[in-house]
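Keep the structure open while you read.

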Amino acid sequence: MARIQAEWARERPDLDVGPQAVIGRLHRLAALLTERLCLVFRRYGLSEGEFDVLAALRRAGAPYERAPGELAAHTMVTTGAMSKRIDRLEQGGLVTRRRSAADGRGRVVALTPAGRELFDRAFTEHVRGERALLDALDPAQAQLLEVLLTTWLRQVEPPS
């Protein structure tokens, strides 16, 4: 990263390329973290997006169900993308779809017992993997990083 900044400083001395030191490293770190975390998902036959759907259902608590629109909101994807994820999970026997008892026009997606069992195993491994990644920092560094990232996200992320 320092080499790249030096080259840009030479080629474009009129620009402050200092932000690349943070943004570039954060981008590289995000890609590395995503790749390591996705290894777990793949071991369980899931994509990152499918894992997110199962997580949203599991977090809902018993009976582990949500409307497709609610799932889309919880996972920050379009309803079209959500439909594709639900289709694949349904084909794998991990979720079911049914008409809503409260509103016959609406649909409900529910975690199956097999889906819950698979997700719970994958989630246990996922959390262990996150811990292992974060253990590269000492606890004070990890806490400071969390505060800094939270503050930055509040400034950059659109309000929900």
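A quick word on terms before we start: helices here are DSSP runs of at least four residues, strands are runs of at least two, and both are numbered from the N terminus. Keep in mind that this is a predicted model.

**Salt bridges**

Side chains of opposite charge can pair when their charged atoms come close. This structure holds 14 salt bridges. Take helix 6, which spans residues 113-134: both R121 and E117 lie in it, four residues apart, or about one turn of the helix. Their side chains meet in a salt bridge, 2.6 Å from N to O. How accessible are the two partners? R121 has 41% relative accessibility and counts as partly exposed, and E117, at 42%, counts as partly exposed too. There's also a network: R58, R116 and D120 are joined by salt bridges that share partners.

Another pair to look at is R97 and D87, whose side chains form a salt bridge at 2.2 Å, N to O. R97 sits in strand 2 (residues 95-99) and D87 in helix 5 (residues 79-91), so this pair ties together parts that are 10 residues apart in sequence. R97 is partly exposed because its relative accessible area is 22%, where under 20% would be buried. D87 is partly exposed as well, at 33%.

Then there's R42, which makes a salt bridge with E35; the closest N and O atoms are 2.7 Å apart. R42 is partly exposed, with a relative accessible area of 45%, and E35 is partly exposed at 42%.

| Salt bridge | N to O distance |
|---|---|
| R42 and E35 | 2.7 Å |
| R97 and D87 | 2.2 Å |
| R121 and E117 | 2.6 Å |

**A buried glutamate**

Is E50 buried or exposed? E50, whose place is in helix 3, is buried, because its relative accessible area is 4% and the cut-off for buried is under 20%. What does the E50 side chain contact? It makes a polar contact with the side chain of R88, at 2.9 Å.

Three of them form an open sheet in the order 1-3-2, with antiparallel pairing. Strand 1 (65-66) and strand 2 stand at the edges with a single partner strand each, so one side of each is left without a neighbour in the sheet. Strand 2 pairs with strand 3 (residues 107-111) in the antiparallel sense over five bridges.

**The largest pocket**

Rolling a probe the size of a water molecule over the atoms shows where empty space is left. The largest pocket has a volume of about 930 Å³. It is lined by 25 residues, and the closest to its centre are L33, L37, E130, L133 and L134. Which elements give two or more residues to the lining? They are helix 2 (19-43), helix 3 (48-59), helix 6 and helix 7 (139-156). Helix 2 gives the most, with nine residues.

Technical notes. Residues are numbered from 1 along each chain as its sequence is written. This is a predicted model: local features need pLDDT of at least 70, side-chain atom pairs count only at pLDDT 80 or more; totals for chains, interfaces and linings use all residues. Side-chain values use heavy atoms; hydrogens and water are left out. A salt bridge is a side-chain nitrogen of Lys or Arg within 4 Å of a carboxyl oxygen of Asp or Glu. Buried means under 20% relative accessible area, exposed over 50%, partly exposed in between (1.4 Å probe, protein chains only). Two strands pair if DSSP finds at least two bridges between them. On a 1 Å grid over the protein atoms alone, a cavity is a set of points where a 1.4 Å probe fits but cannot get out, and a pocket is an open set with protein on both sides within 12 Å along at least five of seven lines; lining residues have an atom within 4 Å of a point. Grid points are joined across faces, edges and corners, and a volume is the space filled by probe spheres set on the points. A polar contact is a pair of N or O atoms within 3.5 Å; within protein, one must be able to donate a hydrogen and the other to accept it, and residues adjacent in sequence count only if both atoms are side-chain atoms.
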